[in-house]
Amino acid sequence: MQRRRQTAVQLTSSPEQTRSLGRQLALRLQPGDLLSLRGHLGAGKTTLIQGIAAGLGVTDLVSSPSFTLIHQHPGRIPLYHIDLYRLSAADVGAIGLDEIVDSEAVVAVEWAEKLPADLLRNALDIEIVFDESDEDARRIHLRARGPRSARLLSSLTENCDADTRP
Ligand SMILES: Nc1ncnc2c1ncn2[C@@H]1O[C@H](COP(=O)(O)OP(=O)(O)OP(=O)(O)O)[C@@H](O)[C@H]1O
Ligand SMILES: [Mg+2]
(Lines give C-alpha, C1' and ligand atoms only; values in the text may rest on other atoms or scores of the structure.)
(Ligands and ions follow the chains in the order given, each with its own letter.)
Protein backbone atom coordinates (compact mmCIF):
# COMPACT_ATOMS: atom_id res chain seq x y z
CA MET A 1 0.00 0.00 0.00
CA GLN A 2 1.19 3.48 -0.79
CA ARG A 3 2.54 5.42 2.18
CA ARG A 4 0.34 8.38 3.02
CA ARG A 5 1.89 11.78 3.02
CA GLN A 6 1.82 13.77 6.25
CA THR A 7 3.50 16.99 5.12
CA ALA A 8 4.30 18.89 1.95
CA VAL A 9 5.45 22.34 0.92
CA GLN A 10 4.26 24.18 -2.16
CA LEU A 11 5.86 27.36 -3.44
CA THR A 12 3.76 29.92 -5.25
CA SER A 13 4.95 33.10 -6.89
CA SER A 14 1.67 34.93 -7.54
CA PRO A 15 -1.85 35.18 -6.12
CA GLU A 16 -3.09 33.31 -9.20
CA GLN A 17 -0.77 30.37 -8.43
CA THR A 18 -2.07 30.28 -4.88
CA ARG A 19 -5.66 30.26 -6.19
CA SER A 20 -4.71 27.48 -8.58
CA LEU A 21 -3.40 25.38 -5.69
CA GLY A 22 -6.72 26.03 -3.94
CA ARG A 23 -8.62 24.79 -7.00
CA GLN A 24 -6.47 21.63 -7.13
CA LEU A 25 -7.13 21.02 -3.46
CA ALA A 26 -10.87 21.59 -3.87
CA LEU A 27 -11.13 18.88 -6.52
CA ARG A 28 -10.17 16.37 -3.82
CA LEU A 29 -12.24 17.73 -0.95
CA GLN A 30 -15.15 15.84 0.54
CA PRO A 31 -18.04 16.89 2.75
CA GLY A 32 -16.78 17.30 6.30
CA ASP A 33 -13.19 18.24 5.45
CA LEU A 34 -11.65 20.91 7.68
CA LEU A 35 -8.85 23.20 6.48
CA SER A 36 -7.10 25.13 9.26
CA LEU A 37 -5.22 28.12 7.88
CA ARG A 38 -2.50 30.12 9.59
CA GLY A 39 -0.24 32.91 8.43
CA HIS A 40 0.41 36.58 9.07
CA LEU A 41 -1.84 39.38 7.82
CA GLY A 42 -1.74 39.44 4.04
CA ALA A 43 -0.02 36.07 3.73
CA GLY A 44 -2.67 34.75 1.34
CA LYS A 45 -5.17 32.75 3.40
CA THR A 46 -8.21 34.36 1.80
CA THR A 47 -6.59 34.13 -1.63
CA LEU A 48 -6.14 30.37 -1.22
CA ILE A 49 -9.75 30.04 -0.03
CA GLN A 50 -10.90 31.92 -3.16
CA GLY A 51 -9.29 29.16 -5.23
CA ILE A 52 -10.84 26.47 -3.05
CA ALA A 53 -14.25 28.12 -3.49
CA ALA A 54 -13.83 28.24 -7.26
CA GLY A 55 -12.90 24.54 -7.29
CA LEU A 56 -16.00 23.74 -5.23
CA GLY A 57 -18.19 25.52 -7.75
CA VAL A 58 -18.94 28.46 -5.47
CA THR A 59 -20.05 31.37 -7.63
CA ASP A 60 -20.61 34.12 -5.06
CA LEU A 61 -17.81 36.37 -3.87
CA VAL A 62 -15.31 35.14 -1.29
CA SER A 63 -13.72 38.12 0.42
CA SER A 64 -12.12 38.87 3.74
CA PRO A 65 -14.96 38.67 6.24
CA SER A 66 -15.03 42.10 7.86
CA PHE A 67 -17.39 42.02 10.79
CA THR A 68 -18.96 38.75 9.74
CA LEU A 69 -17.11 35.83 11.20
CA ILE A 70 -18.79 33.11 9.23
CA HIS A 71 -19.76 33.07 5.57
CA GLN A 72 -21.61 30.15 4.05
CA HIS A 73 -21.32 29.66 0.29
CA PRO A 74 -23.43 27.19 -1.67
CA GLY A 75 -21.41 25.01 -4.08
CA ARG A 76 -20.87 21.40 -5.25
CA ILE A 77 -20.07 20.97 -1.58
CA PRO A 78 -21.15 23.91 0.63
CA LEU A 79 -18.23 25.97 1.92
CA TYR A 80 -18.01 27.69 5.28
CA HIS A 81 -15.39 30.43 5.34
CA ILE A 82 -14.61 31.43 8.91
CA ASP A 83 -12.21 34.19 10.00
CA LEU A 84 -11.33 34.21 13.69
CA TYR A 85 -8.98 37.21 13.54
CA ARG A 86 -11.19 39.45 15.67
CA LEU A 87 -12.08 36.81 18.21
CA SER A 88 -10.16 35.87 21.31
CA ALA A 89 -9.44 32.17 21.69
CA ALA A 90 -11.69 32.25 24.76
CA ASP A 91 -14.67 33.52 22.69
CA VAL A 92 -14.25 30.92 19.97
CA GLY A 93 -15.82 28.25 22.19
CA ALA A 94 -19.01 30.30 22.40
CA ILE A 95 -19.92 30.57 18.72
CA GLY A 96 -20.95 26.99 17.99
CA LEU A 97 -18.17 26.02 15.59
CA ASP A 98 -18.31 22.39 16.62
CA GLU A 99 -21.64 21.99 14.80
CA ILE A 100 -20.21 23.55 11.66
CA VAL A 101 -17.08 21.41 11.80
CA ASP A 102 -19.24 18.29 12.18
CA SER A 103 -21.45 19.26 9.23
CA GLU A 104 -21.35 17.95 5.67
CA ALA A 105 -19.67 21.11 4.42
CA VAL A 106 -16.06 21.96 3.68
CA VAL A 107 -14.88 24.31 6.43
CA ALA A 108 -11.95 26.70 5.88
CA VAL A 109 -10.83 28.63 8.96
CA GLU A 110 -8.44 31.61 8.96
CA TRP A 111 -6.49 32.18 12.21
CA ALA A 112 -7.18 28.54 13.07
CA GLU A 113 -4.65 28.63 15.89
CA LYS A 114 -7.56 30.01 17.95
CA LEU A 115 -9.60 26.83 17.48
CA PRO A 116 -9.68 24.37 20.38
CA ALA A 117 -7.40 21.40 19.70
CA ASP A 118 -10.19 18.81 19.78
CA LEU A 119 -11.88 20.44 16.76
CA LEU A 120 -8.65 20.17 14.79
CA ARG A 121 -8.19 16.40 15.16
CA ASN A 122 -8.72 15.59 11.48
CA ALA A 123 -7.77 18.93 9.96
CA LEU A 124 -5.43 19.65 7.11
CA ASP A 125 -3.20 22.41 8.49
CA ILE A 126 -2.13 25.03 5.97
CA GLU A 127 0.45 27.62 6.98
CA ILE A 128 1.35 30.32 4.50
CA VAL A 129 4.63 32.15 5.00
CA PHE A 130 6.25 34.98 3.09
CA ASP A 131 9.34 33.86 1.18
CA GLU A 132 12.33 36.21 1.11
CA SER A 133 13.03 35.57 -2.56
CA ASP A 134 10.25 37.84 -3.85
CA GLU A 135 7.41 39.93 -2.46
CA ASP A 136 4.89 37.73 -4.29
CA ALA A 137 6.51 34.45 -3.23
CA ARG A 138 4.85 32.28 -0.61
CA ARG A 139 5.70 28.94 0.94
CA ILE A 140 2.59 26.97 1.71
CA HIS A 141 3.18 24.29 4.33
CA LEU A 142 0.61 21.52 4.44
CA ARG A 143 0.32 19.08 7.33
CA ALA A 144 -2.19 16.28 7.76
CA ARG A 145 -3.42 15.71 11.30
CA GLY A 146 -5.28 12.46 10.68
CA PRO A 147 -5.63 9.69 8.08
CA ARG A 148 -8.40 11.49 6.27
CA SER A 149 -6.35 14.62 5.58
CA ALA A 150 -3.29 12.46 4.86
CA ARG A 151 -5.25 10.82 2.02
CA LEU A 152 -6.20 14.27 0.77
CA LEU A 153 -2.61 15.45 0.88
CA SER A 154 -1.30 12.33 -0.87
CA SER A 155 -3.77 12.82 -3.66
CA LEU A 156 -2.90 16.50 -4.00
CA THR A 157 0.84 15.98 -4.13
CA GLU A 158 0.67 13.00 -6.49
CA ASN A 159 -0.87 15.18 -9.13
CA CYS A 160 0.61 18.57 -8.32
CA ASP A 161 4.25 17.51 -8.34
CA ALA A 162 4.75 18.97 -4.86
CA ASP A 163 7.93 20.56 -3.76
CA THR A 164 8.68 18.45 -0.74
CA ARG A 165 11.84 20.14 0.45
CA PRO A 166 11.68 20.90 4.16
N1 LIG B 1 1.88 34.09 -3.95
C2 LIG B 1 0.85 34.77 -3.42
N3 LIG B 1 -0.17 34.08 -2.85
C4 LIG B 1 -1.21 34.73 -2.28
N5 LIG B 1 -1.33 36.08 -2.22
C6 LIG B 1 -0.34 36.80 -2.77
C7 LIG B 1 0.78 36.20 -3.39
N8 LIG B 1 1.60 37.17 -3.85
C9 LIG B 1 1.01 38.33 -3.53
N10 LIG B 1 -0.15 38.13 -2.89
C11 LIG B 1 -1.03 39.20 -2.39
O12 LIG B 1 -1.01 39.12 -0.97
C13 LIG B 1 -2.29 39.48 -0.48
C14 LIG B 1 -2.87 38.31 0.31
O15 LIG B 1 -4.06 38.76 0.89
P16 LIG B 1 -5.10 37.80 1.62
O17 LIG B 1 -6.28 38.65 1.95
O18 LIG B 1 -5.30 36.57 0.83
O19 LIG B 1 -4.26 37.45 2.93
P20 LIG B 1 -4.79 36.86 4.30
O21 LIG B 1 -3.75 35.89 4.75
O22 LIG B 1 -6.18 36.35 4.15
O23 LIG B 1 -4.77 38.13 5.25
P24 LIG B 1 -5.64 38.44 6.56
O25 LIG B 1 -4.91 37.84 7.72
O26 LIG B 1 -5.66 39.93 6.61
O27 LIG B 1 -7.02 37.85 6.38
C28 LIG B 1 -3.17 39.85 -1.66
O29 LIG B 1 -3.08 41.25 -1.87
C30 LIG B 1 -2.50 39.07 -2.80
O31 LIG B 1 -2.71 39.70 -4.06
MG1 LIG C 1 -7.96 36.80 5.09
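Mentor: Seven strands make an open sheet, and their order is β1-β7-β6-β2-β5-β4-β3. The pairing is mixed. β1 (7–12) and β3 are the edge strands, each with a single partner, so one side of each has no neighbour in the sheet. From one strand to the next, the twist averages 20°. Keep in mind that this is a predicted model.

Within it, Leu-35 stands opposite Ala-108 of β5. Tyr-80 has Val-107 of β5 as its bridge partner. His-81 has Ala-108 as its bridge partner in β5.

Is β5 enclosed or open to the outside? Five of its five residues are buried, so β5 is largely enclosed by the rest of the structure. Look at its two faces. In a regular strand, side chains alternate between the two faces of the sheet. In β5, Val-106, Ala-108 and Glu-110 lie on one side. Val-107 and Val-109 lie on the other. Both faces are covered, and these residues are all buried.

Follow the chain out of β5. Trp-111 sits in the loop between β5 and β6. Its phi is near 60°, a positive value in a residue other than glycine. Trp-111 counts as buried because it has 20 C-beta neighbours inside 10 Å.

Now step across to β4. His-81 lies in this strand. His-81 is buried, with 27 other C-beta atoms within 10 Å. Val-62 is 19 residues away from His-81 along the chain, yet their C-alpha atoms are separated by 8.1 Å. His-73 stands opposite Leu-79 in β4.

Next, the helices on the sheet. α2 (45–55) lies across β2, β3, β4, β5 and β6. It runs at about 170° to β5. How many residues of α2 are buried? The count is 10 of 11, so the helix is largely enclosed by the rest of the structure. Among the buried ones are Lys-45, Thr-46, Thr-47, Leu-48 and Ile-49. Gln-50, Gly-51, Ile-52, Ala-53 and Gly-55 are buried too. Just after α2, Gly-57 takes a positive phi of about 80°.

α1 (15–26) is the other helix to look at. It lies across β1 and β7 (138–144). Its direction is about 145° to β1. Gly-22 belongs to α1. With 26 other C-beta atoms within 10 Å, Gly-22 is buried. Which residues does Gly-22 touch, leaving aside those up to four places away in sequence? They are Leu-48, Ile-49, Gln-50, Gly-51, Ile-52 and Gly-55. The C-alpha atoms of Gly-22 and Leu-48 are separated by 5.2 Å, although the two are 26 residues apart along the chain.

Both helices also bring us to ligand 1. α1 and α2 each supply at least two residues of the shell around it. The ligand is surrounded by 19 residues. The closest are Thr-18, Gly-44, Lys-45, Thr-46 and Thr-47. By class, the shell has four nonpolar, 11 polar and four charged residues.

Last, how far does the predictor trust its own model? The chain averages a pLDDT of 91, and 91% of the residues score at least 70. Over residues 162–166, though, the pLDDT is below 50. That stretch has nine contacts in the model beyond near neighbours in sequence.

Terms used. Residues are numbered from 1 along each chain as its sequence is written. Chains are lettered from A and ligands numbered from 1 in the order in which they are written. A residue is near a molecule or strand if its C-beta atom, placed from the backbone, lies within 6 Å of it. Helices (H or I, at least four residues) and strands (E, at least two) are DSSP runs, numbered from the N terminus. Ala, Val, Leu, Ile, Met, Phe, Trp, Tyr, Cys and Pro count as nonpolar, Asp, Glu, Lys and Arg as charged, and the others, Gly among them, as polar. A residue is buried if 20 or more other C-beta atoms lie within 10 Å of its own, exposed if 12 or fewer, and partly exposed in between; C-beta atoms are placed from the backbone. pLDDT is the predictor's confidence in each residue, from 0 to 100. Two residues are in contact if their C-beta atoms, placed from the backbone, lie within 7 Å. Two strands pair if DSSP finds at least two bridges between them. Axes are lines fitted to C-alpha atoms, for helices over the stretch in contact, and angles run from 0 to 180 degrees between N-to-C directions.
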